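This briefing goes through one protein structure, topic by topic. Please keep the sequence and the 3D view open while reading.

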Amino acid sequence: MSSQHLLGTVSLPADMLWIDEFNWPTVIRSTEYTLTGAMIVDIGQRQAGRPITLAGAADGGWVTRATVDALRVLACELPGQFVLTLADTRSFTVTFAPEDAIHAEPLYPVADPGVDFPYFCTVKLIEV
């Protein structure tokens, strides 16, 4: 296993956790009633759209300010699809989520953080 995740060309620490890995059902169901009162159930397999949210925590998974800047640049690239390779070697084609894709806060307040200053970071992606 690798000691890093790789999003496009940006390395992320392996201890950034995929916090919503099991929160996306692959089978979807919808129901509706006909005018006669019978129920129609539609069942299908989702093809794409799985959220992949990588997040650091108080005890690890921190990134540097330089990494946050690199993520911001990557999020602006077109066409905006990247390969995410997790530390366990699984790979996914992803794009950044449409809102709040990158959220970063300094580990503690400082007036002028350098490029190596640590940040808590959450990266929201969507499998395409």
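**Salt bridges and local features**

The side chains of E21 and R90 are joined by a polar contact of 2.8 Å. The model is a predicted one. Three salt bridges turn up in a search of the whole structure, and E21 and R90 form one of them, with their closest N and O atoms 2.8 Å apart. The points below begin with this pair, then turn to the other salt bridges, a strand hairpin, a surface patch and some backbone details.

**E21 and R90**

- This pair connects distant parts of the chain, as E21 and R90 are 69 residues apart.
- E21 sits in the loop that runs between β3 (17–18) and β4 (27–33), while R90 belongs to the loop between β8 (82–85) and β9 (91–96).
- E21 counts as buried because its relative accessibility is 16%, and the cut-off for buried is under 20%.
- R90 has 32% relative accessibility, so it counts as partly exposed.
- Once neighbours within four places in sequence are set aside, E21 is in contact with R50 and R90.
- Side chains of opposite charge can pair when their charged atoms come close.

**The other salt bridges**

- R90 also forms a salt bridge with D88, and here the closest N and O atoms are 2.9 Å apart.
- Salt bridges with shared partners join E21, D88 and R90 into one network.
- D88 is partly exposed, because its relative accessibility is 29%.
- A further salt bridge brings together the side chains of R72 and D69, at 3.6 Å from N to O.
- Both R72 and D69 lie in helix α1 (residues 65–75), where they are three residues apart, or about one turn of the helix.
- D69 has a relative accessibility of 31%, so it counts as partly exposed.

- Strand β1 (residues 4–7) pairs with strand β2 (residues 10–13) in the antiparallel sense, over four bridges.
- L6 has S11, in β2, as its bridge partner.
- The two strands β1 and β2 form a hairpin, and two residues lie between them.
- G8 is in the turn of this hairpin and has a positive phi of about 60°.

**A nonpolar patch on the surface**

- Y33, M39, V41 and I43 make up a nonpolar patch on the surface, and their accessible area together is about 430 Å².
- Strand β5 (residues 39–45) supplies the largest share of this patch, namely three residues.
- Y33 is located in strand β4.
- Y33 counts as exposed because its relative accessibility is 57%, and the cut-off for exposed is over 50%.

**Backbone details in loops**

- L78 and P79 are joined by a cis peptide bond, with omega at about 10°.
- P79 lies in the loop between α1 and β8.
- T89 is not a glycine, yet it has a positive phi of about 80°.
- The loop between β8 and β9 holds T89, and T89 counts as exposed because its relative accessibility is 58%.
- D100 is another residue other than glycine with a positive phi, near 50°.
- D100 is placed in the loop between β9 and β10 (102–106), and its relative accessible area is 59%, so D100 is exposed.

Technical notes. Residues numbered from 1 in each chain as written. Predicted model: local features only at pLDDT ≥ 70, side-chain atom pairs only at ≥ 80, totals over all residues. Heavy atoms only, no water. Buried < 20%, exposed > 50% of the residue type's maximum accessible area, 1.4 Å probe, protein only. Polar contact = N/O pair within 3.5 Å; in protein donor to acceptor, adjacent residues only side chain to side chain. Contact = heavy atoms within 4.5 Å. Salt bridge = Lys/Arg side-chain N within 4 Å of Asp/Glu carboxyl O. Pairing = 2+ DSSP bridges. Patch = residues over 30% accessible without salt bridge, like charges linked within 9 Å, V, L, I, M, F, W, Y side chains within 5 Å. Areas by Shrake-Rupley, 256 points an atom, 1.4 Å probe, with all protein chains shown as cover.
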